[in-house]
Amino acid sequence: MLLLTGGRFAGMGAGSGGYDLIEDGAMVIGDGRIDWVGEVGKLPEEYADLPYQDLGGRLVTPGLIDCHTHIVFGGDRAREFEMRLEGASYEEIARAGGGILSSVRATREADEATLLASALPRIDTLLAEGVTTIEIKSGYGLDVESELKMLRVARRIGELRKVTVRTTWLAAHALPPEYKDDRAGYIRDVVIAGMDRGHAEGLIDAVDGFCEGIAFSRDEMAGIFDHAARLGLPVKLHAEQLSDLHGAAMAAQHGALSADHLEWLGQDGIDAMAASGTVAVLLPGAFYTLRERQYPPMQALRDAGVPIALATDCNPGTSPLTSLLLTMNMGATLFRMTPAECLTGVTRHAATALGLADRGQLRPGMRADLAVWNVRHPAELTYRIGFNPLHARFVGGELV
């Protein structure tokens, strides 16, 4: 067992303005979990003689959680980014080989070792900012073998790095060229058949899809979610990013862990999410990159009591972002979230968005995933831009 003393602990419960802050605190860690946390003057006698580490007044938060990423992919789209800034239209970029299909081609061509080698530097950047849990989606293979290849790489990342990886089956991301005239065939042959295989191989923790006019309809996604339910897999949905197709309401009716993006979310979706406990995952990196103008309905989400999470949405096209700290600042500056909402959004609510009840807060029984920061007040984590004050990470009680 280990005793941490001399710290300021942000428990991320509901108290102290959202931070649940213990000013002069101590924590006892045993068997990878938090045994006790509280004011140092109230430390039980049984822990008094434990080996200890003095944190020197540093802030301790739960380890950060990036609950929405597409961080495994082939190639990059930097030239496409440049072409857009030079005035090229979406159609011109597509004709030049850009867009999501360029990522699909590069991902299909890459073997697992290549995908792993390209993903690890992005992963390491996030870990260096205090991330201890990350979600990784498929979605750039769009055939069964390539989608499963992405998830095998994701699992391998969890073996090579001190981080929990949650995998998500996102074959319903876009329609590949070979199925452009056979939507039902793609759903049958790739989305459903691949889900069955991935589930049998233990590669899938959740199922996702893109519900949008340029992707899949609400009814198509409902059928996919019904199949996921038969396999016992939780679901989530990219919804209301470009228009309101009422996907979030449908997802909530299926008990979805989260609905993500949500710029065009209507009141029906908000009410359904509030009733089901579905988390609203906001992705300011994509909003920023695409120069969107339609803001998520922040106050309506607050008024309804919908939990709000933040994530990087790291992907090669619309959010090439590998900083969860910058994501927090974007949540504040773009979406007018408070610093407490931002930190809650990458800890407690992000854990809920992944269906993980054992992390995201500092309280007894929780997994001892911790981030130790060279700051005095939690608001500083959201306030700074381009500055990383991480001092140390604990993953499962182990100092990294």
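1. Ground rules. The model is predicted, so local features need pLDDT of at least 70 and side-chain atom pairs count only at pLDDT 80 or more, while totals for chains, interfaces and linings use all residues. Residues are numbered from 1 along each chain as its sequence is written, and side-chain values use heavy atoms, with hydrogens and water left out.

2. How the helices cross. Start with helix α4 (residues 112–127) and helix α5 (residues 144–160), whose axes come within 10 Å and cross at roughly 50°. Helices here are DSSP runs of H or I with at least four residues, strands are runs of E with at least two, and both are numbered from the N terminus. Axes are lines fitted to C-alpha atoms, for helices over the stretch in contact, with angles from 0 to 180 degrees between N-to-C directions. α4 and α5 are therefore oblique to each other (under 35 degrees counts as roughly parallel, over 145 as roughly antiparallel, 65 to 115 as roughly perpendicular, and the rest as oblique).

3. What meets at the crossing. On the α4 side, look for Glu 112, Leu 115, Leu 116, Ala 119, Leu 120 and Ile 123; they meet Lys 149, Arg 152, Val 153, Arg 156, Ile 157 and Leu 160 in α5. Contact means heavy atoms within 4.5 Å. By type, the residues of this contact are eight nonpolar, no polar and four charged (Ala, Val, Leu, Ile, Met, Phe, Trp, Tyr, Cys and Pro count as nonpolar, Asp, Glu, Lys and Arg as charged, and the others, Gly among them, as polar).

4. Strand β1. Seven of the nine residues of β1 (residues 2–10) are buried, so the strand is largely enclosed by the rest of the structure. Buried means under 20% relative accessible area, exposed over 50%, and partly exposed in between, with a 1.4 Å probe and protein chains only.

5. Partners of β1. Strands pair if DSSP finds at least two bridges between them. β1 has seven bridges to β2 (residues 21–30), running antiparallel, and three to β4 (residues 52–54), running parallel. Leu 3 has a bridge partner in β2, Val 28, and another in β4, Tyr 52. Two bridges also link β1 to β5 (residues 59–62), again parallel, where Arg 8 is partnered by Leu 59.

6. Cys 211. This residue of strand β9 (residues 206–211) is buried, with a relative accessible area of 0%. Its C-alpha atom is separated by 6.2 Å from that of Gly 247, 36 residues apart along the chain. Leaving out residues up to four places away in sequence, Cys 211 touches Gly 247 and others, including Phe 216, Met 221 and His 238.
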